[in-house]
Amino acid sequence: MNWASDDDMPERAPLSRQAMAARAAPYLDDLNPPQREAATTLDGPVLMLAGAGTGKTKALTTRIAHLLATGTARPNEILSVTFTNKAAREMKTRVARLLGQAVEGMPWLGTFHAICVKLLRRHAELVGLKTNFTILDTDDQVRLLKQLVVAANIDEKRWPARQLAHIIDGWKNRAWTPDKVPAAEHGAFNRRGVELYAEYQERLKTLNAVDFGDLLLHVVTIFQTHDDVLQQYQRWFRYILVDEYQDTNVAQYLWLRLLAGGHKNICCVGDDDQSIYGWRGAEVGNILRFEKDFPGARVIRLEQNYRSTPHILAAASGVIEGNQGRLGKTLFTDLSEGEKVRLIGHWDGEEEARWIGEEIEAMQGGTRGMRPFSLNDMAILVRASHQMRAFEDRFLTIGLPYRVIGGPRFYERMEIRDAMAYFRVSVSPDDDLAFERIVNTPKRGLGDKAQQKIQVAARSNGVNLVEGARLLLAAKEIGGKGGTELAKLIDGIDRWHALVRAGVDHIETAEQILEESGYTEHWQNDKTPEAPGRLENLKELVKALESFENLQGFLEHVSLIMDNESEETEDKVSIMTLHAAKGLEFPVVFLPGWEDGLFPSQRSMDESGLKGLEEERRLAYVGITRAEELATISFAANRRVYGQWQSQLPSRFIDELPADHVEVLTPPGLYGGGFGAAAPEMSAPRSDLHDKASRADVYNSPGWKRLQTRAQGRGMSQPSEARNVVIDLDAVSAFTVGDRVFHQKFGYGEITGIEGDKLDIAFDKAGEKKVVAKFITAAESAGDVPF
Ligand code: ATP
Ligand code: MG
């Protein structure tokens with residue numbers, strides 16, 4: 001611990017508060033009275049609990065500005081937690097704008113994880129780590145767990161390592177170290193979970209590595225076991241601010257409570273209706289018990305929404321009302337009425353993407369009496385990242401610029417992960433996982449046998465793999481080409497590690513590593529069509545290093561990013577998941593894929609039942625409330641999921657939209673253009689069809705017709721366009737008892753009973769079964785698909 005030389009830390013007490021508070025604070029003029037109260041009640045606990053778009057983040061940002069402008073706190077005395085790195089950057093910029101000058105420092109403004117990495121680097125030794133520890137990603141984590149599962153003679157097929165990873169993450173989110181996992185959990189993973197968790201933590205220590213969950217867990221452990229360290233930070237962080245408090249998990253909550261235990265100047269803001277990380281251990285209860293944890297807390301409610309038009313707000317409110325046990329809030333807006341939320345159904349996901357692409361292009365020029373929008377004004381928010389592909393494909397085809405935020409990441413590509421593994425062993429030769437990845441990449445004649453030898457040598461001597469390899473080489477136990485190559489690699493690692501330690505320019509070092517390891521050359525010699533792209537990516541990687549001080553900083557950054565970091569200023573449509581969209585706002589928002597099973601997600605409902613469904617509903621609320629001027633919800637009748645066509649039913653959330661605030665659009669080509677001849681699906685290869693019926697078949701099927709009649713009977717609001725209401729609105733099944741149906745696996749059969757979206761079917765060959773309606777097609781539409 002080296003407190004004294006730490007420039008992140010404050011050295012002297014702040015200036016007289018009274019003197020400073022007297023200064024003019026023009027930035028407060030932009031706030032309404034409750035917001036102003038939240039921004040200026042600096043001492044003591046404050047909870048701001050309010051709905052979407054009411055200016056919580058704005059008030060929080062202004063509070064930072066006020067702390068600084070009045071001299072109440074210095075930048076490094078403020079601990080400010082945001083949900084994404086992007087949000088942290090934005091907050092910094094906004095504070096600077098409010099103050100009219102750049103903010104020097106703010107080292108403690110960031111995500112929980114980013115702040116914890118910093119803390120852990122300072123005190124790594126207290127939990128048995130070195131300060132240059134590596135942060136593993138999910139891939140590494142699972143790979144490591146798999147080794148442990150196999151070594152424990154557990155059938156990995158029945159008990160997959162991925163499942164264990166999930167269990168351990170859950171425990172870490174609750175701040176349970178292996179010795180603290182309660183007895184009730186001891187049955188987990190065939191009763192071996194806790195033991196494997198303990199082994200895993202030991203392995204991580206040997207590797208000088210942590211996983212994502214450890215970042216918080218270790219820091220909480222340090223605080224709980226080293227009172228002197230905790231007290232230092234309690235003194236230093238004189239003001240604590242937390243945005244999106246509803247999504248903190250138990251570990252984060254404990255962390256905050258420990259840190260706030262000193263000055264108790266903690267201001268949390270959140271919205272119970274926007275808690276969407278329950279699946280990752282978030283506890284909405286944290287926000288609800290704030291007043292108990294911090295007696296005398298000032299609770300401030302905001303009711304005016306400044307973001308969305310009344311129709312958008314009403315639609316979102318209508319949906320969220322379906323949830324039980326809410327705190328309930330009144331929201332109003334002074335904005336003018338604007339457009340209704342638009343709803344449109346499509347034949348399939350591709351068509352949905354095509355339509356949205358066309359809409360976006362049209363809206364750039366101004367359409368339907370609306371102002372023109374730039375591409376930056378528009379966002380597509382999906383439930384599942386696999387939905388993104390259709391949009392990316394379409395937009396690439398029509399040359400529409402887009403950016404994917406938090407999507408499949410550059411850093412997940414093979415060549416990038418390989419290159420980073422080289423960087424990792426160069427920074428920390430203890431990083432066995434990285435060494436394993438590169439020892440025979442490119443091929444060095446070091447197959448499984450040789451690698452096993454290295455493992456054994458390392459384990460029996462209690463050293464890392466690099467040292468294990470060195471011992472083998474010294475004993476001449478690996479010879480031939482493999483031996484020569486291994487010797488070269490070990491020499492290389494020694495040299496690169498020395499460069500890193502000597503602080504040689506990290507870009508040069510990186511280039512040297514890729515060059516000397518033969519990795520670049522390996523792709524230069526590769527004749528596959530992907531090779532040039534991979535070389536490009538490697539160049540891109542080296543370029544990305546430029547904005548970092550050293551390799552370690554870069555590696556840390558990569559392991560922490562949750563959002564796309566490139567600071568782009570070009571005009572582009574944003575594509576992201578609903579989860580990644582939290583806290584953001586866009587004038588125009590598209591919400592595709594509102595289909596039961598996709599949204600609400602079947603998995604979430606299967607795993608968590610009603611709780612899962614309610615979380616999905618909050619996600620719908622988050623989605624709609626991102627829109628300022630126009631929200632468009634869409635769904636498709638067919639969707640290809642992981643290469644399989646599935647017929648889909650519209651989301652039950654569509655049913656919950658208040659009709660007065662929704663305008664139903666008719667998809668182009670469905671009734672106007674006629675289909676059949678023009679339908680591209682008709683000419684698709686047979687194997688591609690599976691249980692996907694032809695367009696004409698589905699729309700002519702009795703089920704679909706019944707749905708249309710029902711929708712028309714419900715009298716949805718009158719569209720402003722000439723076309724009419726045709727879309728089905730009932731979430732439940734399109735079938736009735738007696739219908740003849742087809743299931744891809746069980747074949748033909750007849751419906752004998754219906755229970756929600758589950759159907760009892762007497763199959764001709766397979767007998768009585770209960771199946772989910774979405775896997776069923778009307779028999780006449782299934783044609784003679786072979787199975
Ligand atoms: P979310 O729950 O989605 O995170 P939020 O409550 O944090 O929303 P903000 O993002 O802070 O809301 O604010 C929403 C929009 O309203 C922003 O564009 C913000 O600039 C604007 N806004 C907030 N307060 C005011 C105000 N008092 N006057 C004018 N505009 C405001
Ligand atoms: Mg916010």
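Here is a walk through this structure, from its sheet to its helices and aromatic rings. Keep in mind that this is a predicted model, where local features need pLDDT of at least 70, side-chain atom pairs count only at pLDDT 80 or more, and totals for chains, interfaces and linings use all residues. Residues are numbered from 1 along each chain as its sequence is written, chains are lettered from A and ligands numbered from 1 in the order in which they are written, and side-chain values use heavy atoms, with hydrogens and water left out.

Let's start with the sheet. Six strands make up an open sheet with parallel pairing, in the order 3-2-6-7-1-8. Strands here are DSSP runs of E with at least two residues, helices are runs of H or I with at least four, and both are numbered from the N terminus; two strands pair if DSSP finds at least two bridges between them. At the edges you'll find strand 3 (109-111) and strand 8 (298-302), each pairing on one side only. Strand 1 (residues 46-50) runs parallel to strand 8, and five bridges join the two. One spot to look at is L49, whose bridge partner in strand 8 is R301.

Now for a helix elsewhere in the chain. Why call helix 25 (residues 551-560) largely enclosed by the rest of the structure? Eight of its ten residues are buried, where buried means under 20% relative accessible area, exposed means over 50%, and partly exposed is in between (1.4 Å probe, protein chains only). Among those buried residues are F554, H557 and L560.

Further along sits E615, in helix 26 (residues 602-624). With a relative accessible area of 11%, E615 counts as buried. Leaving aside residues up to four places away in sequence, E615 touches S275, I276, Y277, G278 and W279, a contact being heavy atoms within 4.5 Å.

On to the rings. Rings of Phe, Tyr and Trp (its six-membered ring) pair if their centres lie within 6.5 Å; planes under 30 degrees apart are stacked, over 60 edge-to-face, and the rest tilted. That rule gives 20 aromatic pairs. F290 and F294 are a tilted pair, because their ring centres are 4.9 Å apart and their planes are at 40°. F290 is buried at 0% relative accessible area, and F294 is buried too, at 5%. Elsewhere, W108, F223, Y233, W236 and F237 form one aromatic cluster.
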